[in-house]
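Subject: Handover of a structure

Dear colleague,

Please find the structure below.

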Amino acid sequence: MEIDFLTFLLYALVCALITYLLRALPLVIFRREITNRFVKSFIYYVPFAVLACMTIPSIFESTGNIWSAVAGFAVALILSLFGRSLLTVSLSACGVVLVIELAVRYWPFQ
Amino acid sequence: MSKNLNPGGLTFRQGLRDGIPICLGYISVSFAFGVFATAYGVSIWESILLSLTNVTSAGQLAAVPIIAASGSFLELAASQFVINLRYMLMSTSLSQKMDKKMTIAGRLAVAFAVTDETFGVASQKGTLTRNYMLGLELLPVVGWAAGTGLGAAAGYLLPEVVVTALGIAIYGMFIAIIIPPAKKSRAVLLCIVMAAGLSCIFHYVPYLNRVSGGFVIIIVSVLTAALFACLFPVKEDNGGEEDKDGD
């Protein structure tokens, strides 16, 4: 990374400040329940949109080659549909990627 | 789940005990984050610092590429605001249940580690005391920082092919978070599909792919969430399920 520790610290504190204010302000200043239905609905949908946006298409570039990533994605999707835990889904995806990455590197017949 | 029977209110010990399972879950998620951060050249201590000061998965994951690219503070701050907006809803909800005797200082301390999981546990309890909340938050924060450090160490020490395979870990967890609710709700499923589609457009379409990552997350999630809040507003009572019958 190009930046030095102090710059990193500054960035980290900006993140921390925004995140902390979001957590603290409702506890100390406006303690009233949010009643606006649009606002409540908006906040309900944001995490799904954020996580989907961060996962697709980045997941396909998260490994050594696209095919291992596609296989890992497929395994994660299928196991999640069957309601497996975070850890099971994640480790299974890693396992499939590892096997394919090893095969790509050490495949003897080419 | 059980209401508190102690006349003095929920204790620090009870909080610690309730925090153990959260802590264990956090170690694996933050491990994946630690591995992710090393891919951007973030050092072990820097990644621990980020985890200790932020205690949030999606926000930190979005922050690392922005920081590594020396992005603007505006991009960083705005993306953190949108991604972590949900904490405002959680803190608002928790504030209704806080011990009336809790001081401002107590509230400021308790606010530090309001996360999806600590909120989930606390919202099932009766009146929340300062000590219970601090107990509940302590181990998850420790687990979050420790897991990050271990993941970052693994990222620098393990064989390259293993680190490559671990690169998908954090995304696997995100999929495991969003797919089960999408199975139960068509609105959530469509919301995910739309956000993923828009994200691909910003990734692959010429000119649009020049918009930097933090702003893509903001644009995509605000557009998608606003549209779905109009089309499928959540029910008045729980705020956790969209209205099946329309309005």
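Helices (H or I, at least four residues) and strands (E, at least two) are DSSP runs, numbered from the N terminus. The model is predicted: local features need pLDDT of at least 70, side-chain atom pairs count only at pLDDT 80 or more, and totals for chains, interfaces and linings use all residues. Residues are numbered from 1 along each chain as its sequence is written, while chains are lettered from A and ligands numbered from 1 in the order in which they are written.

Two backbone positions in chain B deserve attention. B:Ser70 is found in the loop between helix 3 and helix 4 of chain B, and its phi is near 50 degrees, a positive value in a residue other than glycine. B:Tyr207 lies in the loop between helix 11 (186-204) and helix 12 (213-231) of chain B; phi of B:Tyr207 is positive too, near 70 degrees. Most residues other than glycine have a negative phi, and most peptide bonds are trans. B:Ser70 is exposed, with 11 other C-beta atoms within 10 Å, and B:Tyr207 is exposed with 6. (A residue is buried if 20 or more other C-beta atoms lie within 10 Å of its own, exposed if 12 or fewer, and partly exposed in between; C-beta atoms are placed from the backbone.)

In chain A, a cis peptide bond joins A:Ile56 and A:Pro57, with omega about 0 degrees. A:Pro57 sits in the loop between helix 2 (37-55) and helix 3 (66-81) of chain A. Chain A has four helices and zero strands, and buried residues make up 46% of its 110 residues. The C-alpha trace of chain A spans about 65 × 45 × 20 Å along its principal axes.

The contact between the chains takes 87 residues from chain B and 67 residues from chain A. (Two residues are in contact if their C-beta atoms, placed from the backbone, lie within 7 Å.) On the side of chain B that touches chain A, helix 10 (residues 169-184) gives the most, with twelve residues.

Chain B is assigned domain 1 (12-166) and domain 2 (185-231); such bounds come from an automatic or database domain assignment. The C-alpha centres of these domains lie 24 Å apart. Their contact takes ten residues from domain 1 and eight residues from domain 2 of chain B. Helix 4 of chain B gives the most to the domain 1 side, with six residues.
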